[in-house]
Amino acid sequence: MKQKIIITFLCVLSGLILIFWRSLSYPVIGIHPKEDFVLDQIRVFNPDRKNFSNLSLEFRNGRIFKIRKVHYGSSSEFSGMTATPGIVDMHAHLPPHNLLDLIPYFSLLYLSHGVTSVRIAGDIDGTAVPYARKGIEDGDFFGPRIFSCDAFVTSGIPRWKNSILVNSPEEASEAVRALKKKGADCIKSYENLNVPIIRALVETANKEGLPVIGHVPYGMTYEESKIPDVQHFFGIPRPASLKRDNVLNRGSDWNEVNEKLLNDIVKHSVKNKIANTPTLVASERILLFSDYEAAKEDSAVALMPRFYREVVWNPEIGIPAYRSIEKEYLQNHVQTAILKKKSLLLKLFRAGAALYLGSDAQQPFVVPGASLHQEMRLFQEAGIPSYDVWRMATVDANRAIRNETSFSIQEGASPDLLIFQEDPTNDLTKISSLYAVVSQGKLYLKKDLDFLVQEFRGQQSKFIFEQLSLFLGKLALEKQTKEFKH
């Protein structure tokens, strides 16, 4: 009798473990990209020259085997469609690799929106990038090419686990060399650094052939920092005008920013060859806090797991920096800052300064992939012609991450391409006509990628996954609140 009870107990326990495991495991991928295919009779857009070539591209084993000029005859699946280079998110993030296993889903969201390369502006705990790269390379899940700054180079109390603390120019130089040895593609200059440390970071990075991106530290001006690629337009409001050291205030307290300062920033940027990745969408999406219940129903926001919508981005218990934002602040500060940032963006563009498009995904209501489309539209709303937006989002960005081969249309290349049913190059609303993605020479139909997105969403809506993610999300936020609130 005792033996039967033990056997029954073990069977029940095994069943519960199986149910639990299936609730957390991402869907089995039953879709395989094509490596042998023909893109027949397509219009290939060259953002550098802003022109089109009518071509047929034959791929074998994921590489261009033959390029032919179009000879119109019978139509094919891709006839008349427009092909552009793949777009790049120049300020992306992935969630940590943990029990919830969200990296395959985030990677899929990027790719399904035509984001074929991402620059990871810091791997929060150092687990995301190695896992994502291996999973994509092994074909366990689908995702973009990954370029990563790896750790945050910082001083003082670290905000993230994957940080390298430096307290002198010598330590900064050593940090760069250590990151280069580790395989980093760029250097992320972060918070609490002084000018001599930043100068040492940049100088050593230049010698090691690594680009430097970063925050202008709180209390320092844009001009003092001379960071080669400034993120979020930090450092433009004068330090004394910021109410507090908080990402919300640093990105939104622009009321004292005047026309003269904007013009000075442009002159300084051009003179010192400073690039900007403004992540306007991260500011624009903050406005959704004006109606949180409606924000949760936003079509892009709905793509995210429930714990993001109800915990991480909750205006009362969510990310500490964004709690209890008053509607008056949204209107008088956030909205004002966005308008001035657009004005600055256009000035920088007209002056010939380097500009890149990034999303800062996982900030409130900023969704991987979808947010980069929104960033492209914000650049256009600022007055930048759509052709130039495409150039910045594709060839300019790929050159910046030294990924020129990704938009190379020549025999033997394995390019990244987006195939659209309608031409989006002069009308960004046509991005919604995305039909297929070619990533590293492999063809994915958009409908297949969307099917997988729905499979993941179904898995994430299961009771066990939802409850566990809500629980873990609250724990993570409580820990974050104890460590810092800015």
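Figure 1. The residues concerned are I197, I198, A200, L201, V202, T204 and A205. Helices (H or I, at least four residues) and strands (E, at least two) are DSSP runs, numbered from the N terminus.

**Figure 2. Length and ends of helix α5**. The helix comprises 14 residues, 195–208, and spans 20 Å from its first C-alpha to its last, close to the 20 Å expected at 1.5 Å a residue; the expected span is 1.5 Å times one less than the number of residues. After α5 comes G209, which has a positive phi near 75°.

**Figure 3. L339 in helix α12**. L339 belongs to α12, residues 327–351. With a relative accessible area of 52%, L339 is exposed (exposed: over 50%). Its C-alpha atom is separated by 22 Å from that of D89, 250 residues away along the chain.

**Figure 4. The annotated span 83–442**. An unreviewed UniProt entry lists these residues as "domain: Amidohydrolase-related"; such annotations may be inferred rather than shown by experiment. The end C-alpha atoms of the span lie 14 Å apart, and its content is 39% helix and 13% strand.

Residues are numbered from 1 along each chain as its sequence is written, and side-chain values use heavy atoms, with hydrogens and water left out. In this predicted model, local features need pLDDT of at least 70 and side-chain atom pairs count only at pLDDT 80 or more, whereas totals for chains, interfaces and linings use all residues.

Key:
Buried means under 20% relative accessible area, exposed over 50%, partly exposed in between (1.4 Å probe, protein chains only).
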